[in-house]
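Morning, everyone. I have one model to go through today, so please bring it up on your screens.

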Amino acid sequence: MPMRTSTCGGIALLAGLATLTSAAADEVAYDKRGRWSIAAVTAPAGFDYCTADIDNGKVQLRLATDGRSWRVGVPYYGRKGKVEAYFGFGAAAEVANFSADGQGWAMMAIDKDQVDAFRSNPSFSITLDRGEQSWTLAGAAAAIDLARECVRNRGQKQVVAAPPLPAPAAASGKGCPPPGRVRSQNSNVAVTVLFYNGTKMPLDIYWLDFNGEWKKYHSLRPDSNVKQKTFATHPWVAVDPRGTCHGGVMMPDPKARGEGANEFQIWD
């Protein structure tokens with residue numbers, strides 16, 4: 001296996017990617033393509049960067065970008081600072097310094113040519129604290145494109161780019177708002193909400209779009225919950241199999257604070 005020393009560990013890093021995890025960071029699923037999962041990472045100040053992750057059954061591989069630079073890395077719980085490791089595509093290997101952040105990741109900056117190499121090579125390997133780990137790169141090109149799209153959309157795919165779905169027959173059911181009367185107004189203030197199904201039947205969660213049409217987002221079993229990124233002025237409803245709405249029209253409140261803020265508990 002041919003080896004050479006890499007200088008990639010010395011590439012200047014942008015501030016947003018210098019530390020990929022923190023106690024206050026929050027990851028929100030953005031999309032999925034094959035075995036790759038795309039997520040947006042937010043900090044207390046708002047959107048930070050996007051990731052494309054794949055798992056080989058033992059270790060997770062992460063590509064991360066803020067739209068200006070890229071990094072690659074793996075979970076690492078050793079000492080903080082520079083960590084020497086081997087990495088490479090296919091049978092080739094290089095020695096490079098990865099940066100361990102002390103919070104669970106060892107990362108290395110990569111340039112445009114190396115990002116393109118993820119698109120065109122069949123596999124990638126890193127040898128670190130858990131020995132040599134390899135990942136097949138099928139679907140990597142699409143995952144990289146989705147990570148770039150995630151950055152352009154600042155992680156807001158779920159509501160803004162939702163595919164149109166027909167309004168359900170339940171739109172005029174018991175407890176439901178009249179069709180077309182309640183609708184979203186704008187997407188100016190982001191809010192994260194939680195829906196909890198406290199009933200004894202499954203519930204479908206719908207967003208009411210800017211035309212008052214219903215867009216299904218989730219199906220909740222009894223005693224289950226889901227988080228959803230949305231915006232102030234975006235109404236939501238919960239509908240049971242009989243077409244009855246439960247909990248009325250649920251409207252996110254960006255000013256709500258404290259325990260239970262923007263948590264919609266739906267009961268019989």
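Over residues 160-167, where does pLDDT stay, and how many contacts beyond four places in sequence does the model have for them? There pLDDT, the predictor's confidence in each residue from 0 to 100, stays under 50. The model has 11 contacts beyond four places in sequence for that stretch, a contact being heavy atoms within 4.5 Å. Residues 1-16 also stay under 50, with 32 such contacts in the model. Where pLDDT is low, the predicted coordinates should not be read in detail.

Some ground rules. This is a predicted model, in which local features need pLDDT of at least 70, side-chain atom pairs count only at pLDDT 80 or more, and totals for chains, interfaces and linings use all residues. Residues are numbered from 1 along each chain as its sequence is written, and side-chain values use heavy atoms, with hydrogens and water left out.

Now the chain as a whole. Its mean pLDDT is 84, and 85% of its residues reach 70 or more. Secondary structure comes to four helices and 18 strands; these are DSSP runs numbered from the N terminus, helices being H or I of at least four residues and strands E of at least two. Of the 268 residues, 48% are buried, meaning under 20% relative accessible area with a 1.4 Å probe, protein chains only. Among contacts between residues at least 6 apart in sequence, 62% join residues at least 24 apart.

Next, the cores. A nonpolar core here is a set of buried Ala, Val, Leu, Ile, Met, Phe, Trp, Tyr and Cys residues joined through side-chain atoms within 4.5 Å. The largest has 40 residues, and L61, L63, F118, F124 and I126 have the most contacts inside it. Helix α3, residues 140-152, gives the most to this core, with seven residues. Leaving aside neighbours within four places in sequence, L63 is in contact with residues including W36, C50, W70, V72, I110, F118 and I144. Apart from that core lies another, of 15 residues, with L203, Y217, L220 and F264 among them.

Three strands form an open sheet in the order β15-β12-β18, with mixed pairing; two strands pair if DSSP finds at least two bridges between them. At the edges are β15 (224-231) and β18 (263-266), each pairing on one side only. Strand β12, residues 190-197, pairs with β15 in the antiparallel sense over eight bridges. To find that pairing on screen, take Y196, whose bridge partner in β15 is N225.

Definitions and conventions:
Buried means under 20% relative accessible area, exposed over 50%, partly exposed in between (1.4 Å probe, protein chains only).
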